[in-house]
Amino acid sequence: MKQSKLLIHTYRETPRDADVVSQQLMMRAGMIQRVAAGIYDYLPLLLRSIRKFETIVREELAKDGCQELLMPTVQPRELWDESGRWQFYGKELLRFKDRKDGDFCLGPTHEEVVTDIVRKIVTSYKQLPINLFQIQTKFRDEIRPRFGLMRGREFIMKDAYSFHVDDADADREYWRMFDAYKRIFSRLGVKFRPVEADSGAIGGSFTHEFHVLASSGEDAILSCNACEYTSNVEKTEAPQVQFPYASEAVLALQPAHFHTPGIVAMADQARAFRDDQHNGLPLDHASKFYVFRATKGESAWVVGVVLRSDHEPNVVKLKNLLGADAVELAPVADAEKLAGAPSGFIGPVELDIPVYVDRSLEGAFNLTCGANKDGYHHFGFKPDRDLKQFKGFFDLRMAAEGDRCTRCGKGTYEGFRGIEVGQVFKLGTKYSTTMNCNYLDEAGASKPMVMGCYGIGITRTIAAVIEQGNDADGIIWPWALCPFQVHLVPIAGKDDTQTDAAEAIYRELTEAGLEVLMDDREERAGVKFKDADLLGCPIRITVGQGLVKDGVVEIRERASREDRKVPRADVLATVKEIAARLAQA
Ligand code: ATP
Ligand code: MG
């Protein structure tokens, strides 16, 4: 491809409205253009990378016998009513009416449509298992579209759905897809991790997310430094930590309210009791209390959660424990009304709501908490004794870096940031039951199919790859996804010897099957080099004075920035050798 013919405009300046590196570089390199919030044009350069990734995905899925199809983006309400999701999917589901006043939505995912296909065609155990996938544009009306292609509203996804006679077969397919994903992301040459993730409260379901590691990632991951256990912090099991006992003097104290005006912060709460009389209460004795509002379907209720003061609540764990659809902090005004005290002095004792206590407080006593009285804290709180509706001790906190691993008991957790690029999910019979997707088994009995679903964010992955591969000058593409493999840069456009040689090299490499972008523009060398660094093709060949004087060109690898002078006759062989090495990496 000749650069003068390529639809591309590059920018020196970092665009103001781009908040992550991948978005900045893709905009500067002329790969994307913003059309509306979270909606982008995929320009020719980007589309080449997208197509390469899609090819990798198709090749690996074909090995496992997955069949490709294409479902509609516009979906009728009726199907979503059947699964119940028309009502419960949030505002991410973009709903609209057609000219006949019928309700439709833009597909954010395709469980309903694919289940409808399969229930119409597959009736017998003999036709199972089956795994169907598509690569298609999805729409989710994200509340905060940001980070360019990483969290768009319109984006490309590979979504696959499998159907099975029983749990065991669905599990087998799950691990097969898990392995396929490992192969797919390995081929990209990026650092990634499969991560145990939250599957919500659906029985019989489990899930892994695949994360590309990058400091800009939205997800926190904890990984044991001694065993394999790696999980999304939303789900990471927190070890139960021993409650440190206070001194004898504290043990002797009687439960009471103490006047603690102005004490709101946790550290201050414990410190307020550190005087002669109370003999220095460790911070661990300060407890934290949160009022949450849970919803499930039409019903809503209020629950309390107690934690050690230095622990953070994990809303996902609470949601699963309650079997709720959603859980959020109750509005401050509601909590204050419930407690009859201002925020900062609200505590669980005497409140007539169900209260769940983090298991690190098992055995704890002589805790401090708000006294539900303006300006007062309570001392001497023991959860299992003092709560009106004590619901038990559970794992309700965020695990943290340095916590002991719950799986092996030996290592401790280390923290990473990750970008979720894919997910494998065992769905169980959630959709087949509600949508009557059944088959007849060998004995002629009708049974719901057991399902799995498997997604990869195609466009998000490209962005994640750039988040991992870049430097101050631009993108550093891995070989597998580069839009062009070789950037050929003749620097003196007016010198016939140079342009003729460049043309010849262009033909030679192209005929050898290499993807070459030739910068044939009338630009200064500096401009061309800057663009070459920005675009980040793995190999740059510079044709300049060296060719005229010594018969050599300069070959540079973008990642290592190593230059070497190569005689004209050796160009093809050298490029092939570098290509073979980079393709291996
Ligand atoms: P997230 O938690 O980031 O919102 P998700 O878990 O809702 O994503 P899935 O339903 O698992 O997403 O979709 C499969 C894949 O599609 C994700 O792993 C991700 O790579 C991609 N994806 C999801 N939402 C977006 C988005 N808004 N923009 C780009 N890619 C997305
Ligand atoms: Mg996901």
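Ligand 1 sits among 14 surrounding residues, with Glu 142, Arg 151, Gly 152, Glu 420 and Gln 423 the closest (a residue counts as near if one of its heavy atoms lies within 4 Å). The model is a predicted one, where local features need pLDDT of at least 70, side-chain atom pairs count only at pLDDT 80 or more, and totals for chains, interfaces and linings use all residues. Side-chain values use heavy atoms, leaving out hydrogens and water.

As for secondary structure, strands E8 (154-164) and E21 (413-428) each give the shell at least two residues, and E21 has the largest share, with four (strands are DSSP runs of E, at least two residues; helices are runs of H or I, at least four). Sorted by class, the shell holds five nonpolar, four polar and five charged residues (Ala, Val, Leu, Ile, Met, Phe, Trp, Tyr, Cys and Pro are nonpolar; Asp, Glu, Lys and Arg are charged; the others, Gly among them, are polar).

On to polar contacts (pairs of N or O atoms within 3.5 Å). An oxygen atom of ligand 1 lies 2.6 Å from a side-chain N or O atom of Glu 420, and for Arg 140 the corresponding distance is 2.9 Å.

Elsewhere, the axes of helices H1 (residues 21-28) and H13 (residues 458-468) come within 8 Å and cross at roughly 100° (axes are lines fitted to C-alpha atoms over the stretch in contact, with angles from 0 to 180 degrees between N-to-C directions). H1 is therefore roughly perpendicular to H13 (65 to 115 degrees). Val 21, Ser 22, Gln 23, Leu 25 and Met 26 of H1 meet Ala 463, Ile 466 and Glu 467 of H13 (heavy atoms within 4.5 Å).

Notes
Residues numbered from 1 in each chain as written. Chains lettered and ligands numbered in written order. Polar contact = N/O pair within 3.5 Å; in protein donor to acceptor, adjacent residues only side chain to side chain. Parallel < 35°, antiparallel > 145°, perpendicular 65-115°, else oblique.
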